[in-house]
Amino acid sequence: MLWIAVCDDEVIECCNIAGKIRGLLKEMGISCTIRQFCSGRELIQSSDNFDIIFLDIIMNDLDGMRTAQLVREKASDKILIFISSSRKYVFEAYDVEAFQYLLKPIDEKKLKRVLQKAVLKTENHSKEFIIVSKERQKQKLFLDDIYYFEIKGRMVDIHGTDGVFTYYEQIGVLENNLQGRGFFRCHKSYLINLKYVDVYNRQEVILDNGERIVIAKRRYEEFCKEILEYMRKNGGVV
């Protein structure tokens, strides 16, 4: 499921744009959740993890460009699509790596083409990977193929679909690199991929491959919030 934000300080315009996006994605057979925001500040304060963000540029208080800069500071992988009645900000859009720049009134055919390209790009996010080093060699490992990371002092065991890969890494660096990518540190020694959680209780998590991972008592409540949020954003019914 796609998570989309539409931010425009003109309420009617915001509703119209959201409606067009919803209709086009329905035609494309793509399920989505669309949130509407009437200010950049509201968008920045939202805890939702959006895949695509439509931003008006000329807004009161916090304009679209500044909002985009703040979005980029929090997450570099968001797809930003500007909507504006003026062409004068086109070159500024490059500074925040905008995916597209649409002029109002929005042409539906153009919007559909942009959405098709944006959806394709979000699908490629599932091909995210990390590069790890071992014995002077570098290895590419896709995140979708990793069940969990097991920390053993200064070494990390990566348990994945192709077996176990051991390398040196600092846990703080690893945790930061995986932030917002569907991993959760349920115990000081484990970072699990929420995608593979099958069953859980207060003591442990059972993964799809049958492995059991302990949950620290102090992390259980946060884990519950994270797994429910993950399920909600990825098509689960909760």
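**Questions on a predicted model**

Author: Ala118 has its place in helix H5 (residues 108-124). The structure shown is a predicted model.

Reader: Why does Ala118 count as buried?

Author: The relative accessibility of Ala118 is 0%. The word buried applies under 20%, so Ala118 counts as buried. The C-alpha atom of Ala118 is separated by 9.4 Å from that of Leu80, and these two residues are 38 residues apart along the chain.

Reader: What makes Val119 a buried residue?

Author: Val119 is also found in helix H5. The relative accessible area of Val119 is 8%, and the cut-off for buried is under 20%; therefore Val119 is buried. Between the C-alpha atoms of Val119 and Ile52 the separation is 8.6 Å, while the two residues are 67 residues apart along the chain.

Reader: How many helices and strands are there in the chain, and what part of its residues count as buried?

Author: The chain has seven helices and 15 strands. It consists of 238 residues, of which 44% count as buried. The C-alpha trace spans about 55 × 40 × 35 Å along its principal axes.

Reader: How many aromatic pairs does a search of the whole structure find?

Author: The search finds 11 aromatic pairs. One of them is formed by Trp3 and Phe50, with 6.4 Å centre to centre and 55 degrees between the planes.

Reader: Why is the pair of Trp3 and Phe50 called tilted?

Author: Two values settle the matter, because a pair of aromatic rings is described by the distance of the centres and the angle of the planes. The centres are 6.4 Å apart, and a pair requires them to lie within 6.5 Å. The angle is 55 degrees; planes under 30 degrees apart would count as stacked and planes over 60 as edge-to-face, with the rest tilted. The pair of Trp3 and Phe50 is therefore tilted.

Reader: Why does this pair tie together parts that are 47 residues apart in sequence?

Author: Trp3 lies in strand S1 (residues 2-7), whereas Phe50 lies in the loop between helix H2 (40-45) and strand S3 (52-56), so the pair ties together parts 47 residues apart. Trp3 has a relative accessible area of 2% and Phe50 one of 4%. Since buried means under 20%, Trp3 is buried, and so is Phe50. Trp3, Phe37 and Phe50 form one aromatic cluster.

Reader: What makes Ile131 partly exposed?

Author: Ile131, in strand S6 (residues 129-134), has a relative accessibility of 48%. Exposed would require over 50% and buried under 20%, so Ile131 counts as partly exposed. Together with Phe129 and Phe142, Ile131 makes a nonpolar surface patch of about 270 Å². Lys140 lies over the face of Phe129, at 4.9 Å from the ring centre.

Reader: Why does His159 count as buried?

Author: His159, in strand S9 (residues 155-160), has a relative accessibility of 12%. The limit is under 20%, so His159 counts as buried. The side chain of His159 makes a polar contact of 2.9 Å with the side chain of Glu150.

Reader: How do you know that Asp61 counts as exposed?

Author: Asp61 has a relative accessibility of 62%, and exposed means over 50%; Asp61 therefore counts as exposed. Asp61 lies in the loop between S3 and helix H3 (64-74). Its phi is near 70 degrees, a positive value in a residue other than glycine.

Terms used:
Residues are numbered from 1 along each chain as its sequence is written. This is a predicted model: local features need pLDDT of at least 70, side-chain atom pairs count only at pLDDT 80 or more; totals for chains, interfaces and linings use all residues. Side-chain values use heavy atoms; hydrogens and water are left out. Patches are made of residues with over 30% relative accessible area and no salt bridge: like charges are joined within 9 Å, nonpolar side chains (Val, Leu, Ile, Met, Phe, Trp, Tyr) within 5 Å. Accessible areas come from the Shrake-Rupley method with a 1.4 Å probe; for residues, only the protein chains shown count as cover. A salt bridge is a side-chain nitrogen of Lys or Arg within 4 Å of a carboxyl oxygen of Asp or Glu. Helices (H or I, at least four residues) and strands (E, at least two) are DSSP runs, numbered from the N terminus. Buried means under 20% relative accessible area, exposed over 50%, partly exposed in between (1.4 Å probe, protein chains only). Rings of Phe, Tyr and Trp (its six-membered ring) pair if their centres lie within 6.5 Å; planes under 30 degrees apart count as stacked, over 60 as edge-to-face and the rest as tilted. A charge sits over a ring if NZ of Lys or CZ of Arg is within 6 Å of the ring centre and within 35 degrees of the ring normal. A polar contact is a pair of N or O atoms within 3.5 Å; within protein, one must be able to donate a hydrogen and the other to accept it, and residues adjacent in sequence count only if both atoms are side-chain atoms.
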